Amino acid sequence: FADSQYDAAVADLEGVLQSGRGRLDPTTIAVLEENLALIDRAIDEARQALETDPASTYVSRHLIQTRRAKLDLLRHATALTTDFN
């Protein structure tokens, strides 16, 4: 994902999650928010590391994997908001 595509995908999923938030248990929401905050910190740290060492394949891969982890978590979380029928 390019940054703009990634940002758009995250924004879309966060919007769905926000609109379905009332269907989730408060404990589930707290866990999701905590995990998303951890992932966001890891993404920020990887981006900062790449500014210092743009040629680092390790950090680049780590950033890609962490961004995927965020998308996966958001996808699973949004699925939880629609599984209630």
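This is a predicted model: local features need pLDDT of at least 70, side-chain atom pairs count only at pLDDT 80 or more; totals for chains, interfaces and linings use all residues.
Me: How far apart are the end C-alpha atoms of helix α2, and what span should its 27 residues have?
Reply: Helices here are DSSP runs (H or I, at least four residues), numbered from the N terminus. The expected span is 1.5 Å times one less than the number of residues. Helix α2 covers residues 26-52, so its 27 residues should span 39 Å, and this agrees with the distance between its end C-alpha atoms, 39 Å.

Me: Which residue caps the N-terminal end of α2?
Reply: Look at the backbone nitrogen of T27: a side-chain oxygen lies 2.8 Å from it. That oxygen belongs to the capping residue, D25.

Me: Is E34 buried or exposed?
Reply: E34 is found in helix α2. Buried means under 20% relative accessible area, exposed over 50%, and partly exposed in between (1.4 Å probe, protein chains only). With a relative accessible area of 54%, E34 is therefore exposed.

Me: Which residues of α2 are buried, and what covers them?
Reply: The buried ones are I29, L32, L36, I39, I43, A46 and L50. What covers them includes α1 (3-20) and α3 (57-82).

Me: How many residues does the largest nonpolar core have, and which have the most contacts inside it?
Reply: A nonpolar core is a set of buried Ala, Val, Leu, Ile, Met, Phe, Trp, Tyr and Cys residues joined through side-chain atoms within 4.5 Å. The largest one has 18 residues, and those with the most contacts inside it are L17, L71 and L74. Helices α1, α2 and α3 each supply at least two residues of this core. The largest share, 7 residues, comes from α2.

Me: What is L74 in contact with, leaving aside its neighbours within four places in sequence?
Reply: Contact means heavy atoms within 4.5 Å. With those neighbours set aside, the partners of L74 are V10, L13, E14, L17 and L36.

Me: How many salt bridges does a search of the whole structure find?
Reply: A salt bridge is a side-chain nitrogen of Lys or Arg within 4 Å of a carboxyl oxygen of Asp or Glu. Searching the whole structure gives 5.

Me: Where do E33 and R21 lie?
Reply: Their side chains meet in a salt bridge, 2.6 Å from N to O. The two are 12 residues apart and link distant parts of the chain: E33 is in helix α2, and R21 is in the loop between α1 and α2.

Me: Which helix holds both D72 and R75?
Reply: D72 and R75 form a salt bridge, their closest N and O atoms being 3.4 Å apart. They sit 3 residues apart, about one turn of the helix, and that helix is α3.

Technical notes
Residues are numbered from 1 along each chain as its sequence is written. Side-chain values use heavy atoms; hydrogens and water are left out. A polar contact is a pair of N or O atoms within 3.5 Å; within protein, one must be able to donate a hydrogen and the other to accept it, and residues adjacent in sequence count only if both atoms are side-chain atoms.
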